[in-house]
Structure formats: C-alpha cells, structure tokens
Amino acid sequence: MRYLECRLAIVPYEEGKEVAIAWLADVGFESFVEESPLLKAYIPEEEFDSTCFREVLEQLEQSFQVSWETEVIEERNWNEEWEMSYEDVIVDEEVRVRAPFHEADERFKYDLEIEPRMSFGTAHHDTTRQMLAVLSEKKVSGLSVLDMGCGTGVIAILAALKGAVSVTAIDNDEWAWQNSLDNVKRNGVTLEAVLLGDASLLRGKSWDLIMANINRNILLQDMSLYVEALEPSGELWMSGFYEEDLPQIRGEAERLGLTYLSSRASNRWVVAGFKK
C-alpha cells in the first residue's frame, strides 16, 4: 500500500502540532512523526480526501502560520519507521514511560509500558509529563484517585503502581477508553473502573485526588463537578492550558472554594494544584 506523506511547518510549533494531529486524525491520517519544526502526517493514498485536508489547513491557518507539501511514499515497514522515531520518556529518577518495543529497565521503580496508538497522553507532551511528575512526588498510598481525561491511562496506571487504594479513569473518546483498558492490562494493575463518558459520571462519587489533563474550556466548564467530587482536604490538579490562562483557572477554583497550592510550567503549558 502506498502512503501520502504530508509535511507541515507550523508556527508556533508546540501549540500547533497538537491541534494539527487531532484534526488530521479526524480526517483519516493514521500516524505522525514529530521532527520540529516539521510535523509529518501519513495516510493511505487511496483514503486521502483533498477537500477535507484543505478544510483542516484553512482551520489551522486561522490560528497558526502553516506551510505544507505532500509526497507519495512507496510501501515500507511502518512499524519500524514509527519505532525508530518514538523515544521513551524519563519523568524523573523513579518514573519512565516506554513503548512495548523498548526493553524494561530495572533502574526505574515505575517503568510504565504504554502503547499510545492515537490516544493523547504518551508523556511526550509537557502537560502529561508534568502531571506525571506531580504524581511521582506525591504519597498516594491509601488514597482514591481519579484520572479525568485519561487518554492512554498513563496517570491512572502510575497511581495504581504507587499504591492508591482505588483508581478510576475516564475519557469521552472511545479510542482512548479502549487504549486505556489495554494499557491497564499491559501493566498488570487493577483499577476501580475505566469509564467512557464525561464529567457527568462524577456525580455521587468522590476521590481524594483528582488529576484532570484536558483543556482550559472543559476545565472551566466542569470544575464545579470536580470540586463536588473532591473529598474534604482532597486535591485537584489540572493541566492542558497555557500560562496566560492560569489566572482564569485559579480564579474559578478559588471562587468554588479551593485553595491554591502551586503551579509549574514547561513550554508555556501549566499544571496547577488546589486543595479543598
């Protein structure tokens, strides 16, 4: 099978690539290779729809500077190509996130094996990596934990490995939900539940620690439900927004009765914590 390779130069790159990947995946692109400042996207030639592709480009151009070119690529070993471009992620001296084709490393106390597929949350992105770093620093043994917007399930899996008494993972994307189920099994952990749905599933339930890695608009929309689902003295950590969004996120959290704990940023992406 021949593939079409689309090479996009996006400015600013870090923000634009995430949006581009999501939108291109929606129109049939199957795999992506990040080679900053280029994003390479691949789709079977016979499945390429030039009209849909042009619509995605027009949407991207409303927010980013975009230039692009395409090339037909002859059949090759795509798994090998992907593996060569996919690196493991070392979160800290105790936590590593690796793909199935990477060898286990006993130097890491928590060596998570994650098959990313098309799901967000491989730990390569600053938001996921920072959330993992926060979780790595916390003592969660005996706590109940919610991974909201779980993607690959990597945060829920680390919480379970660290001894959380119960862990729930939720995502509204069916592909991510199935990916999380598979990764939970792959890492040999047991979760309370892996659910397909949105924040409405939180009603009537509660957790000691909620980790929500989504985006600014959804966080603001659903924050009242997160707060309602927090146990007394529980903590809510959120990511998926930029430094300039922190005042709005903090303002809403404090309006709902939470106390600001701290925040950190990487490439303008922020993770912030609050206590009930």
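These legends accompany several close-up views of a predicted model.

**View 1. The two domains of the protein chain.** Let us start with the overall layout. The domain assignment divides the protein chain into domain 1, residues 2-75, and domain 2, residues 81-275. Taken over C-alpha atoms, the centres of domain 1 and domain 2 lie 27 Å apart. Where they meet, eight residues of domain 1 are in contact with seven residues of domain 2. Together the two domains bury about 640 Å² between them, and carbon and sulfur atoms give 58% of that area. On the side of domain 1, the residues that lose the most area to domain 2 are E14, E15 and E18. These three glutamates together account for 63% of what that side buries.

**View 2. A salt bridge between domain 1 and domain 2.** Here we move in on the interface itself. The count of salt bridges between the two domains is one. E15 forms a salt bridge with R268, and their closest N and O atoms are 2.3 Å apart. Which elements give two or more residues to the side of domain 1 that touches domain 2? They are α1, residues 13-26, and β2, residues 31-35. Helix α1 supplies the largest share of that side, four residues. By residue class, the side of domain 1 that touches domain 2 divides into four nonpolar and four charged residues, with no polar ones.

**View 3. E71 and R7, a pair joining two strands.** The structure holds 21 salt bridges, and this view shows one of them, between the side chains of E71 and R7, at 3.0 Å from N to O. The pair links distant parts of the chain: E71 belongs to strand β4 (residues 65-73) and R7 to strand β1 (residues 3-11), 64 residues apart. E71, at 37% relative accessibility, counts as partly exposed.

View 4. Next comes a pairing of a helix residue with a strand residue. R186 and E113 form a salt bridge, with 3.1 Å between the closest N and O atoms. This pair also links distant parts of the chain, 73 residues apart: R186 is in helix α6 (residues 174-186), while E113 is in strand β7 (residues 110-113). E113 is buried, with a relative accessible area of 17%, whereas R186 is partly exposed at 34%. Both residues take part in a network of salt bridges that links D88, R96, R98, D111, E113 and R186.

**View 5. D126 and R129, a pair within one helix.** The last view stays inside a single element. D126 forms a salt bridge with R129, and the closest N and O atoms are 2.6 Å apart. Why are these residues separated by about one helical turn? D126 and R129 are three residues apart in helix α4 (residues 126-137), so about one helical turn separates them. As a general point, side chains of opposite charge can pair when their charged atoms come close. D126 is buried, with a relative accessible area of 3%, while R129 counts as partly exposed at 26% relative accessibility.

Methods: Residues numbered from 1 in each chain as written. Predicted model: local features only at pLDDT ≥ 70, side-chain atom pairs only at ≥ 80, totals over all residues. Heavy atoms only, no water. Domains from an automatic or database assignment. Contact = heavy atoms within 4.5 Å. Buried area = accessible area lost by both parts, 1.4 Å probe. Salt bridge = Lys/Arg side-chain N within 4 Å of Asp/Glu carboxyl O. Nonpolar A, V, L, I, M, F, W, Y, C, P; charged D, E, K, R; others polar. Buried < 20%, exposed > 50% of the residue type's maximum accessible area, 1.4 Å probe, protein only.
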